[in-house]
Amino acid sequence: MDLLKGKVALITGAARGIGRMIALRFAGEGAAVAFTDLVRDDPMVSLEKELTGLGVKNAGYVNDAGDFEAVQKMVDRIIDDFERIDILVNNAGITRDTLLMRMNEEMWDLVIKVNLKSVFNYTKAVQKYMLKARTGSIINMSSVVGVNGNAGQANYAASKAGIIGFTKSVAKEVGSRNVRCNAIAPGFIITDMTNKLPEQVKEEWIRTIPLRRGGEPVDVANVALFLASDLSSYVTGQTLQVCGGMSG
Ligand code: NAI
């Protein structure tokens with residue numbers, strides 16, 4: 001299938017987990033893929049190889065999504081290399097979980113910087129090209145925790161709730177130029193981020209999920225594909241929950 005043929009996608013934090021699967025899913029639909037992560041390690045190099053195997057132009061770049069100046073330069077370089085950016089997926093994210101009582105300033109600042117400021121950094125840098133081209137789809141990775149809150153994740157929940165407000169506002173600012181901006185709120189998805197949780201916590205989560213399983217990265221990637229493609233041409237400012245029914 002060629003749902004994204006001729007389009008260029010930029011995905012942040014894509015060497016592993018959900019971002020990696022989005023990169024592969026988009027490439028499978030014909031998109032050229034530029035992606036970033038913190039270091040050029042085996043996962044980055046192997047993703048480049050897999051993308052090349054799918055027959056699409058691709059490149060992995062080292063970039064800290066939370067660094068404003070570095071992100072502006074990164075986007076200009078990707079435009080030089082790929083000529084355009086049609087799809088931006090703000091996926092990079094981290095956790096520093098603990099109860100508020102034990103949360104220090106560093107844990108708060110880092111999570112807000114990597115999860116929320118990064119979305120501002122990349123959206124600001126990319127939007128000027130999308131507005132000029134009068135087309136674009138921006139997809140921001142929020143979380144059900146940003147919708148409902150979660151004990152032990154006040155910093156993470158605040159960053160993910162902030163993404164939802166940002167998404168709705170940007171959608172209103174750029175809609176008249178045919179640029180769309182939506183958020184995905186995944187529930188419990190099995191990746192490195194959730195694998196570090198104790199087995200008992202994981203089992204408890206799964207018991208509360210109506211579909212009785214943790215999500216796979218591809219469950220999120222399929223929704224990202226919908227939002228990236230023209231299948232969602234009249235959808236903007238929305239938060240799509242991909243959570244097996246656990247939220248709400
Ligand atoms: P992951 O930990 O498997 O992958 C995240 C990637 O982001 C890693 O490759 C990491 O190196 C990269 N990264 C971290 N800081 C970065 C920075 N400053 N700049 C650039 N890249 C950076 O995580 P996962 O599970 O794939 O999560 C992806 C997104 O989905 C995150 O925003 C996360 O908050 C969100 N999410 C994940 C859920 C889950 O259950 N796994 C649930 C809800 C949301």
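Setting aside neighbours within four places in sequence, Thr167 touches Asn140, Cys181, Asn182, Ala183, Gly237 and Gln238, where contact means heavy atoms within 4.5 Å. The model is a predicted one, so local features need pLDDT of at least 70 and side-chain atom pairs count only at pLDDT 80 or more, while totals for chains, interfaces and linings use all residues. Numbering runs from 1 along each chain as its sequence is written, and side-chain values use heavy atoms, with hydrogens and water left out.

Thr167 belongs to helix α6, residues 154-174; helices (H or I, at least four residues) and strands (E, at least two) are DSSP runs numbered from the N terminus. With a relative accessible area of 0%, Thr167 counts as buried. The cut-offs here are under 20% relative accessible area for buried, over 50% for exposed and anything in between for partly exposed, using a 1.4 Å probe and protein chains only. Ile139 sits 28 residues from Thr167 in sequence, and the C-alpha to C-alpha distance of the two is 8.4 Å.

Now to helix α3. It covers residues 68-82, 15 residues in total, and reaches 21 Å from first C-alpha to last, close to the 21 Å expected at 1.5 Å a residue. That expected span is 1.5 Å times one less than the number of residues. Buried in α3 are Val71, Gln72, Met74, Val75, Ile78, Ile79 and Phe82. Viewed down the axis of α3, these buried residues fall within an arc of 160°, so they line one face of the helix; the arc is taken over the directions from the helix axis to the C-beta atoms. On the face turned away from that buried side are the exposed residues Lys73 and Asp80. The cover over the buried residues of α3 includes β1 (8-11), β2 (32-37), β3 (58-62) and α4 (105-133).

Both ends of α3 have something to show. At its start, a side-chain oxygen of Asp67 comes to within 3.3 Å of the backbone nitrogen of Glu69. After α3 comes Glu83, with a positive phi near 75°. The ring of Phe82 has the charged end of Lys57 sitting over it, 4.8 Å from the ring centre; for this, NZ of Lys or CZ of Arg must be within 6 Å of the ring centre and within 35 degrees of the ring normal.

Asn121 is buried, at a relative accessible area of 0%.

As for aromatic pairs, rings of Phe, Tyr and Trp (its six-membered ring) pair if their centres lie within 6.5 Å, with planes under 30 degrees apart counted as stacked, over 60 as edge-to-face and the rest as tilted. The count by this rule is two. One of them is the stacked pair of Phe68 and Phe120, at 5.8 Å centre to centre and 20° between the planes. Phe68 lies in α3 and Phe120 in α4, so the pair ties together parts 52 residues apart in sequence. Phe68 is partly exposed at 25% relative accessibility, and so is Phe120 at 36%.

Finally, backbone angles. Most residues other than glycine have a negative phi, and most peptide bonds are trans. Arg134, not a glycine, has a positive phi of about 55°; Arg134 lies in the loop between α4 and β5 (136-141) and is partly exposed at 47% relative accessibility. Arg212 also has a positive phi, near 55°. Its place is the loop between α8 (199-207) and α9 (217-228), and at 55% relative accessibility Arg212 counts as exposed.

Notes
Polar contact = N/O pair within 3.5 Å; in protein donor to acceptor, adjacent residues only side chain to side chain.
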